[in-house]
Amino acid sequence: MKLLEGKKALIFGIANKRSIAWGIAKAFHEQGAEIGFSYGIPQLERRVMPLAEQIGVSFVEMADVTKDEDITNVFDKAAAHFGSIDILVHSVAFAKQEDLTGRFVHTSRDGFSMALDISAYSLVALTRQAIGLMSDGGSVLTMTYYGAEKAVPHYNVMGVAKAALEASVRYLAADLGPDGIRVNAISAGPIKTLSAAGIAGFRKMLRYTEERNPLRRNVDQDEVGRTAVWLCSDLGSGITGEVVHVDAGYHILGMPEPPEKWE
Ligand code: NAP
């Protein structure tokens, strides 16, 4: 028996084959889940459709998560298509490029609220709709990063948004637990994706973590996908409100190994 046999999952945030959401979709498919996709902008349809075909996904809908009417529309269509769902995956984030390059103190009011709206509030908005389709309990999963816990160069307003996202995970978990709905986050190490490319110095970040974390390598989308299976399947039935790090152990370090040249 596959771990997600008989489960229906709606996944938000597939942009292309590098997306973490695609790593999760492949792992869910391997474990027998029935899957639906939602993507953010019309231009991405040509990239998302071939991926959907690759794993037999027939439900593919566009939704801009800043628009309540888009969210309602996608869940109305999901209700008609699936009847009910068991899993919601939220793998969505955005901040203005200028807010991921300069000094944090220069973050504009508009940039701050946009990053928080798309990257944190959208989890609450999508979950509110999803629970209407989770007739037999369910599991909600979102994606976060260590920049929520500690200041990371250039991550800036996205770190603040991820902190709000992680707090939202805990509040949603407390709120929805009595209904049998679990809410968790995966805190992934840096992975080369479209969104990550917008963070200044991202290549250096990849190299820095690879050289210092306990496993001395970076993680990939497939490793995140396998952890998502664990959290969203019955294997994770006792886990809610948790942030699980899939970062080759980077977050446990109080101080990375000092460079040899200092000896
Ligand atoms: P990605 O492939 O670019 O995925 C980000 C997704 O967010 C895209 O599908 C994008 O769709 C969507 N999105 C942005 N604004 C949206 C909106 N208004 N409405 C609907 N969708 C919207 O990059 P990724 O790295 O896989 O990111 C997925 C998640 O993982 C994010 O939450 C990210 O912060 C998190 N994460 C990434 C890393 C990393 O190093 N890559 C590490 C830890 C956590 P459109 O492009 O169509 O708008």
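Strand β5 is mostly covered, with seven of its seven residues buried. In this predicted model, Gly 138, Val 140, Thr 142 and Thr 144 point one way from β5, while Ser 139, Leu 141 and Met 143 point the other way. In a regular strand the side chains alternate between the two faces of the sheet. β5 is joined to β4 by four bridges, and the two strands run parallel. Within this pairing, Val 140 of β5 has Leu 88 opposite.

**The sheet**

β5 belongs to an open sheet of seven strands with parallel pairing, in the order β3-β2-β1-β4-β5-β6-β7. The edge positions are taken by β3 (59–62) and β7 (243–246), and each has a single partner strand, so one side of each has no neighbour in the sheet. From one strand to the next the twist averages 20°.

Strand β1 (residues 8–12) pairs with β4 (residues 87–90) in the parallel sense over four bridges. Phe 12 has His 90 in β4 as its bridge partner. To β2, β1 is joined by five bridges, again with parallel strands, and Ala 9 stands opposite Ile 35 in β2. β1 is also mostly covered, since five of its five residues are buried. Lys 8, Leu 10 and Phe 12 point one way from β1, Ala 9 and Ile 11 the other way, and all are buried.

Among the buried ones are Trp 22, Ile 24 and Phe 28. The buried residues of α1 pack against β1, β2, α2 (45–54), β4, β5 and α7. After α1 comes Gly 32, with a positive phi near 90°.

What does Val 244 touch, not counting residues up to four places away in sequence? The contacts of Val 244 are Ala 185, Ile 186, Ser 187, Thr 227, Trp 230 and Leu 231. Val 244 is found in strand β7. With a relative accessible area of 15%, Val 244 falls under the 20% cut-off and is therefore buried. The C-alpha atoms of Val 244 and Leu 231 are separated by 9.0 Å, and the two residues are 13 apart along the chain.

Trp 230 has its place in helix α7 (residues 221–232). Its relative accessibility of 34% makes Trp 230 partly exposed. Together with Leu 3 and Leu 235, Trp 230 forms a nonpolar patch on the surface, with about 280 Å² of accessible area for the three residues together.

**Salt bridges**

Side chains of opposite charge can pair when their charged atoms come close. The whole structure holds eight salt bridges. Three of the pairs are listed here.

| Pair | Closest N to O distance |
|---|---|
| Lys 26 and Asp 222 | 3.2 Å |
| Asp 234 and Lys 7 | 3.6 Å |

Asp 234 and Lys 7 meet in a salt bridge. This pair links distant parts of the chain, with Asp 234 in the loop between α7 and β7 and Lys 7 in the segment before β1, 227 residues apart. Asp 234 is exposed, at a relative accessible area of 57%.

Lys 26 forms a salt bridge with Asp 222. Lys 26 lies in helix α1 and Asp 222 in helix α7, so this pair ties together parts that are 196 residues apart in sequence. Lys 26 counts as partly exposed at 26% relative accessibility, and Asp 222 counts as partly exposed at 32%.

Lys 77 lies in helix α3 (residues 68–82) and Glu 61 in strand β3, so here the parts tied together are 16 residues apart in sequence. Lys 77 is partly exposed, with 35% relative accessibility.

A network of salt bridges links Arg 207, Glu 211 and Arg 212.

Technical notes. Residues are numbered from 1 along each chain as its sequence is written. This is a predicted model: local features need pLDDT of at least 70, side-chain atom pairs count only at pLDDT 80 or more; totals for chains, interfaces and linings use all residues. Side-chain values use heavy atoms; hydrogens and water are left out. Two strands pair if DSSP finds at least two bridges between them. Axes are lines fitted to C-alpha atoms, for helices over the stretch in contact, and angles run from 0 to 180 degrees between N-to-C directions. Patches are made of residues with over 30% relative accessible area and no salt bridge: like charges are joined within 9 Å, nonpolar side chains (Val, Leu, Ile, Met, Phe, Trp, Tyr) within 5 Å. Accessible areas come from the Shrake-Rupley method with a 1.4 Å probe; for residues, only the protein chains shown count as cover. A salt bridge is a side-chain nitrogen of Lys or Arg within 4 Å of a carboxyl oxygen of Asp or Glu. Buried means under 20% relative accessible area, exposed over 50%, partly exposed in between (1.4 Å probe, protein chains only). Contact means heavy atoms within 4.5 Å.
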